[in-house]
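Here is a short note for a first look at this structure. Please keep the sequence and the model open while reading.

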Amino acid sequence: MIKVKARRAAVTATGVVLLSASAMTSGSATQPVDHEVLPSVAVADQRPEIQSLSVGQRQELQREIDATLTSHGGVQISANEIAWNGGEPTLTFPLPGEDDAPQSSPQALRQKGIKATDVEPLADWGGCPAGKDDNRWYCFYDEADFKGRRLQWNWAHCSGGIRFGDYGFDNKTTGWVNTTPNKSKVGMVVTVYDGWFTGSLWVERPWTKVSKVDSFHNNKASSFKACRIS
């Protein structure tokens, strides 16, 4: 295993940080062994699970992020998250070597004006955030058992609805979580469709979850509407 001895960072005018790493090889002088280009938001991500990644893993993760940014836009807000429209929604990537996407970063929560301390970790709910009343989310997963990429919202979209294809998630939903409370004005009822608001596939009631939809409905979700309980 190569151990990184030193790392330097320089910020360019475009906000991209160039990282270089040097390592000590057995029986030889220090030599540069790797070089990566990461955006400043990825370098600044100080979560322990991010900092424990190797240089190669950071590069691998960034390639996944870059591919989605290129094809579907959005803004990278951390080492493993992309947001659209000021954090509505957020797409969270699993870290290299992991099946589950980690909990939302403080950056992702701040996009919605929420502190990390205001969110309650929920065991067995796939990392879908749950806070007080209106600070709750509904999430979609591209693998069974709440694994893989997680796409999450916490706003209502009742009149216009949302198209999954705008976020690289068309026909990819396998599981879902709705952490919103079952109470008026804040709880959400999410209706998921096969087409553009046609061909209803399933309805997500508040405070419910499904780790894997049946084979007939799997990977068919194209759009949804999320309406508050009146």
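Is asparagine 85 exposed or buried? Point 5 has the answer.

1. **Basis.** This is a predicted model: local features need pLDDT of at least 70, side-chain atom pairs count only at pLDDT 80 or more, and totals for chains, interfaces and linings use all residues. Residues are numbered from 1 along each chain as its sequence is written, and side-chain values use heavy atoms, with hydrogens and water left out.

2. **The sheet.** Seven strands form an open sheet in the order β4-β5-β6-β8-β7-β10-β13, with antiparallel pairing. Strands here are DSSP runs of E, at least two residues; helices are runs of H or I, at least four residues; both are numbered from the N terminus. Two strands pair if DSSP finds at least two bridges between them. The edges are β4 (75-78) and β13 (208-210). Each has a single partner strand, so one side of each is left without a neighbour in the sheet. From one strand to the next, the twist averages 20°; angles run from 0 to 180 degrees between N-to-C directions, with axes fitted to C-alpha atoms.

3. **One pair inside it.** Strands β7 (residues 138-143) and β10 (residues 175-178) run antiparallel and are joined by four bridges. Cysteine 139 stands opposite valine 177 in β10.

4. **Two cores.** A nonpolar core is a set of buried Ala, Val, Leu, Ile, Met, Phe, Trp, Tyr and Cys residues joined through side-chain atoms within 4.5 Å. Buried means under 20% relative accessible area, exposed over 50%, partly exposed in between (1.4 Å probe, protein chains only). The largest core has 30 residues; Phe140, Trp153, Phe164, Val192 and Phe224 touch the most other members. β11 (188-193) is among the elements that supply at least two residues, and β11 gives the most, with three. Tryptophan 153 touches residues including Glu88, Pro89, Phe140 and Phe224, not counting those up to four places away in sequence (contact: heavy atoms within 4.5 Å). A second, separate core of 12 residues includes Trp137, Cys139, Tyr141 and Val177.

5. **The β5-β6 loop.** Asparagine 85 lies in the loop between β5 and β6. Asparagine 85 counts as exposed, at 57% relative accessibility. Its phi is positive, about 50°, although it is not a glycine. Proline 89 is in the loop between β5 (81-83) and β6 (90-92). The peptide bond from glutamate 88 to proline 89 is cis, with omega near 10°.

6. **The β9-β10 loop.** Asparagine 171 sits between β9 (157-163) and β10. Its phi is also positive, near 55°. Asparagine 171 is partly exposed, with a relative accessible area of 36%.
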